[in-house]
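Welcome! Please take a look at the sequence and the 3D structure below, and keep them open while you read this short report.

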Amino acid sequence: MSNEKWGSNIAFVLAMIGSAVGLGNIWRYPYVLYSNGGGAFYIPYLVAVLTLAIPFLILEYGVGYNYQSSFTKAIIKLKPKLEIYGWILPVVVFIMTVYYSTIMGWDGIYLVLSFFKGWGADPNTFLNVNLLQATDSLSGVFNFIPFIAIFMLVGWFIVWFISHKSLNEGLGRVCKIFVPLLFVVMFVIVIFSLTLPGALIGLTVLFNPNWSLLWHFDIWMAAFGQIFFSLSLGMGAGFTYASYTHDDIDIVSSGLKIIFANCAFENIAALGVFSILGYMSLQSGTPVSEIVSQGTTLIFVAYPQVFNILGTIGLVLGPLFFFTVYIAGITSMLSSFEVLSISIQNKFALSRDKATLMLCVVGGISSMVYATSAGGYLLGIADIFVNNVVVIFSVFIECILFAWIFKAERLIDFMNGRSKNFKLGRLWLLQVKYIIPILLIVIWFGGLYELIAMKTTESVMILIVLTLILIISSVIFTLLPAKSEDWFKTEERID
Ligand code: PHE
């Protein structure tokens, strides 16, 4: 039995944009752009889009299209001995989904608070002391915070509610309505922000290029890392969504639309963020450089401060903003959740209903470690583990498997037969077979270095625990006997 298909190709494009546009675009990107040379960052960013994102995305979607199955099932068809790898990626993406749900929980709380500015006059103390009761070590892990837990579980409930329905009634419908809405609301927020007095101050700071940084390895790493995370590349989400497409899909044009929408969204969001910071700088007399801060503080401290200054307008803008973050986050979380979910459905012949319920229960329970005082601290470590170490390495393996074992050449005629304006040729093969694997290895060593640099006994212990969770669950999934008769039978669509 093959998996369900999208109602239309547009549904696929919208769902994929929903996956790509997420916390990475709103929570992470403005800060990454600012701290990596401002305007100068656009050079490594564009290089990353051209050399990595476009060619790799076409490869990943193309192979997903071909197998029309879960990532794991495709790996078995490609190299039966590598089943364990076919589970490692979905499991690691699930670990990411679990910590993603934490930020969603925080955002849910702020969405409610924003209707009455419940964070009070000092949003910083409110966030760190009153709400998160944050500790920067493991010691806080026994201090459970029910309020945060409830909001995180609401997120899991929403994911279950949408995912357990059939593909088109659930995911497809939600993305069709909410993804366009996301763009409209973000647009309104940005236009308003640009009209604020002082907006130009923020934009000047943002775009004031620090060209000298171009010689630093870090800014290149940051650009490649950002593009990966932001486009949901290599994490099985694109693979899975592309596997649900119809035979007549034009992958190259759809892929380019998705990349364009995602990159446009994050850059437009950055304009909004910095205009608002400029306004705040003008009001408070503090330079923008002192206000701009990392994701969490930016969204949950700087923004509430601005909404406080804005008076009544803040009561409209605040809920709109936190609502946008919520929608962006949920549509991304749905896609990362889907990766392991469909693998389990395929192997154990489980209905969508059952698989999503089981995984949401497991996810919801495991996410509770983040509903403690040590939540923020643990989240930081899990994020580095997932993004810097495991994902990049498994994407490297994915690239080798798809480009060399599957043979990227097989995709060329198929892609070129549908794509009117863009044709794949030798350059694309050179990119997916040589350039990208080499780039990935370089990025991987860079990420590993960052990890070693932060080494404390405690963080090493947490990393070991995460590695064990990852390996043990992947081994269990591999060893459990398949219940589905066609687990070893996968039909290919491309000769
Ligand atoms: N692209 C999402 C974001 O920008 C994150 C994500 C990565 C979602 C991988 C699914 C899979 O927030």
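C399 is in no disulfide either: its nearest cysteine sulfur, in C263, is 19 Å away.

Are C175 and C399 buried or exposed? C175 has 0% relative accessibility, so it counts as buried. C399 is also at 0% and counts as buried. The word buried stands for under 20% relative accessible area, exposed for over 50%, and partly exposed for values in between (with a 1.4 Å probe and protein chains only).

## How to read the model

This is a predicted model, in which local features need pLDDT of at least 70 and side-chain atom pairs count only at pLDDT 80 or more, while totals for chains, interfaces and linings use all residues. Residues are numbered from 1 along each chain as its sequence is written, and side-chain values use heavy atoms, with hydrogens and water left out.

Let's turn to a pair of helices. Helix α1 covers residues 9–20 and helix α12 covers residues 251–284; they pack at an angle of about 35 degrees, with their axes 9 Å apart. Helices (H or I, at least four residues) and strands (E, at least two) are DSSP runs, numbered from the N terminus. The axes are lines fitted to C-alpha atoms, for helices over the stretch in contact, and the angles run from 0 to 180 degrees between N-to-C directions.

Which residues of α1 and α12 make the contact? On the α1 side they are F12, V13, M16, I17 and A20, and on the α12 side S254, K257, I258, A261 and N262. Contact means heavy atoms within 4.5 Å. By class, the contact of α1 with α12 has 7 nonpolar, 2 polar and 1 charged residues. In this scheme Ala, Val, Leu, Ile, Met, Phe, Trp, Tyr, Cys and Pro count as nonpolar, Asp, Glu, Lys and Arg as charged, and the others, Gly among them, as polar.

## Along helix α15

S332 is found in helix α15, which spans residues 312–348. S332 is buried, with a relative accessible area of 7%. The side chain of S332 reaches the backbone oxygen of G18 at 3.3 Å. Not counting residues up to four places away in sequence, S332 touches G18, S19, V21, G22 and Y100.

L320 is in helix α15 too. With 26% relative accessibility, L320 counts as partly exposed. Leaving out residues up to four places away in sequence, L320 touches V185 and I189. L320 and S114 are 206 residues apart in sequence, and their C-alpha atoms are 9.0 Å apart in space.

## Along helix α17

Now find S394, which sits in helix α17 (residues 375–405). S394 has a relative accessible area of 3% and is buried. Beyond residues up to four places away in sequence, S394 touches Y85 and L89.

F402 belongs to helix α17 as well. At 1% relative accessibility, F402 counts as buried. Neighbours within four places in sequence aside, F402 is in contact with several residues, including L59, E60, F71, F239 and K407.

## Stops in the loops

L233 is in the loop between α10 (217–230) and α11 (237–243). What is the relative accessible area of L233? The value is 0%, so L233 is buried. L233 and F56 are 177 residues apart in sequence and 7.8 Å apart in space, C-alpha to C-alpha. Residues up to four places away in sequence aside, L233 touches A53, F56, L57, E60 and F228.

A349, in the loop between α15 and α16 (352–366), has a positive phi of about 50 degrees although it is not a glycine. K407, in the loop between α17 and α18 (409–418), has a phi near 80 degrees, a positive value in a residue other than glycine. K407 is partly exposed, with a relative accessible area of 46%.

Note on methods. A disulfide is a pair of cysteine sulfur atoms within 2.5 Å. A polar contact is a pair of N or O atoms within 3.5 Å; within protein, one must be able to donate a hydrogen and the other to accept it, and residues adjacent in sequence count only if both atoms are side-chain atoms.
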